[in-house]
Amino acid sequence: MKVAAVIVAAGAGIRAGGEKPKQYQYVGDKTVLRWTLEAFTSHPLVSQVITVIGQGHQSEYQAAKRGMSVVEAVEGGATRQESCRIGIEACAPSAPDFVLIHDGARPFVSHEMIDRVIDALHINAAVIPVMPVSDTIKFTQNGIVQQTLDRASLFSAQTPQGFHFEKIRAAHTAAAATKNAGLTDDASVAEAYGMKVCVVAGEPANRKLTTMQDITIANLEWSARQLSERPDVRVGQGLDFHVFAAGKSVWLCGVEIPHHKKLKGHSDADVALHALTDAILGAIGEGDIGTHFPPTDPQWKGAPSAIFLSKAYSLLRALNGQLANVDITILAEEPKISPHLSAMKTALANQLQLDPKRIAIKATTTEKMGAIGRKEGMAAHAVVTVRLPL
Ligand code: MG
């Protein structure tokens, strides 16, 4: 039995406000979409995940799925219904038995919830999770109540909605062919083409994040969880210096900055990443960069310093620790760093999967004092806060 998942994340997310679509906003240490993707990629029965993304969202999507191999993406259509149809078609070459279609903006779906839908698919061709309605529901026209509906038989539909693959594929194909558009969930498509839709219990936590307030509340809940799960707050700092040599660029925070000199060192001499690596290692008492990557070892010659940072970060993660913030100051008389600060921040946010709001990178000169003032080299200082379980 083969189960595919289609994650629908093509919406512009404009209701949430903010500078990015809501699926690319951070809740704690991950974007909304990353939480959603991890819920499915970590489920043992789901063997394929297709994400339907919006046009122009390719770079945000690549950052959100960094390091995940099983996820593929297709570009969505003009409506949710059309995006779902495209996502379902993208699954067709691998011929799954079941497909789960899930909103990218429901990041807190549990494995138990996914299990309930898959279990019910063994005896039903269409399964949706639902929640009882707690408010009394009024049917109105022109601002006047026409009828009070019996809420005992009313439910709100959640996702993942599960289907026998070929059946929902046929229903979507038929809906597109007959221009039956504007159906707001896949169960509506199934119902319109005669499929019987069975319901299973949804979950309150499996709510859809729609507004900026929803994102704020999710962040407050995440912070409260952090406080109870990782109460051990530690600070680490790192300091690094490199001298200039003849060259054509310097590397800072994983970004290559054109310059008529380079920084001399065994690796790519990314002074900022070295300071940051030492700061993380310092916070967890794991020695320094030289402990893990001896400069005498030829395999690190010319190596990108991202390798060192990844090692420090994985040691932190192995302790179930979390990076809370990063603050880096670069000391240099040249080259001019300010035009590159934004690219450097993006590169770090992507590598560490950290909300850019938790990263600060600053640059200063030494007012021509000392060796750095004489342009003999540059330095970087990094401070990090990490949270660890007790
Ligand atoms: Mg160094």
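Let me start with helix H3, residues 80–91, and helix H5, residues 165–177, which in this predicted model have axes that come within 10 Å and cross at roughly 135 degrees, and which are therefore oblique to each other. If you follow the crossing on the screen, you will see that H3 passes H5 in a left-handed sense. On the H3 side the contact is made by Gln81, Cys84, Arg85, Ile88, Glu89 and Cys91, and on the H5 side by Phe165, Ile168, Arg169, His172, Thr173, Ala175 and Ala176.

Staying with H5 for a moment, the loop that runs between H5 and helix H6, residues 186–192, holds lysine 179. This lysine has a positive phi of about 55 degrees although it is not a glycine, and lysine 179 is exposed, with a relative accessible area of 73%.

Now to a second pair of helices. The axes of helix H8, residues 271–283, and helix H10, residues 306–318, come within 9 Å and cross at roughly 15 degrees, and H8 and H10 are therefore roughly parallel to each other. The crossing of H8 past H10 is left-handed. H8 contributes Leu273, His274, Leu276, Thr277, Ile280 and Leu281 to this contact, while H10 contributes Ala306, Phe308, Leu309, Ala312, Tyr313, Leu315 and Leu316.

H10 also has helix H11 as a partner, and here the axes come within 11 Å and cross at roughly 45 degrees, so that H10 and H11 are oblique to each other. The crossing of H10 and H11 is right-handed, whereas H8 passes H10 in a left-handed crossing. In the contact itself, Ala306, Leu309, Ser310 and Tyr313 of H10 meet Leu348, Gln351 and Leu352 of H11.

Let me turn next to helix H7, which covers residues 212–229, has 18 residues and reaches 25 Å from its first C-alpha to its last, close to the 26 Å expected at 1.5 Å a residue. Which residues of H7 are buried? They are Ile215, Ala218, Trp222 and Gln226, and, seen down the axis of H7, the buried residues fall within an arc of 85 degrees, so they line one face of the helix. On the other side of H7, Gln213, Leu220, Leu227 and Ser228 are exposed. As for what lies against the buried residues of H7, they pack against strand E2 (26–27), helix H1 (32–41), strand E17 (322–331) and strand E19 (377–388).

Glutamate 334 and proline 335 are joined by a cis peptide bond, with omega about -5 degrees. Is glutamate 334 buried or exposed? At 13% relative accessibility, glutamate 334 counts as buried, and, leaving aside residues up to four places away in sequence, it touches Phe244, His259, His260, Lys261, Lys375 and Met378. Glutamate 334 and threonine 364 are 30 residues apart in sequence, and their C-alpha atoms are 9.9 Å apart in space.

One of the residues that glutamate 334 touches, Lys375, deserves a comment of its own. Lysine 375 is found in the loop between helix H12, residues 370–373, and E19, and it has a positive phi of about 60 degrees although it is not a glycine. With a relative accessible area of 37%, lysine 375 is partly exposed.

There is another cis peptide bond to point out, and this one joins threonine 159 and proline 160, with omega about 10 degrees. Proline 160 is found in the loop between strand E10, residues 155–157, and strand E11, residues 161–164.

Finally, a word on the chain as a whole. The secondary structure of the protein chain comes to twelve helices and 19 strands, and its C-alpha atoms fill a box of roughly 80 × 40 × 40 Å, taken along the principal axes. Of the 390 residues of the protein chain, 48% count as buried. Among contacts between residues at least 6 apart in sequence, 72% join residues at least 24 apart.

Definitions and conventions: Residues numbered from 1 in each chain as written. Predicted model: local features only at pLDDT ≥ 70, side-chain atom pairs only at ≥ 80, totals over all residues. Heavy atoms only, no water. Helix = DSSP H or I, 4+ residues; strand = E, 2+ residues; numbered from the N terminus. Expected span 1.5 Å × (residues − 1). Buried < 20%, exposed > 50% of the residue type's maximum accessible area, 1.4 Å probe, protein only. Arc of directions from axis to C-beta. Contact = heavy atoms within 4.5 Å. Axes fitted to C-alpha atoms, helices over the stretch in contact; angles between N-to-C directions. Parallel < 35°, antiparallel > 145°, perpendicular 65-115°, else oblique. Left-handed = near helix turned anticlockwise from the far one by under 90°.
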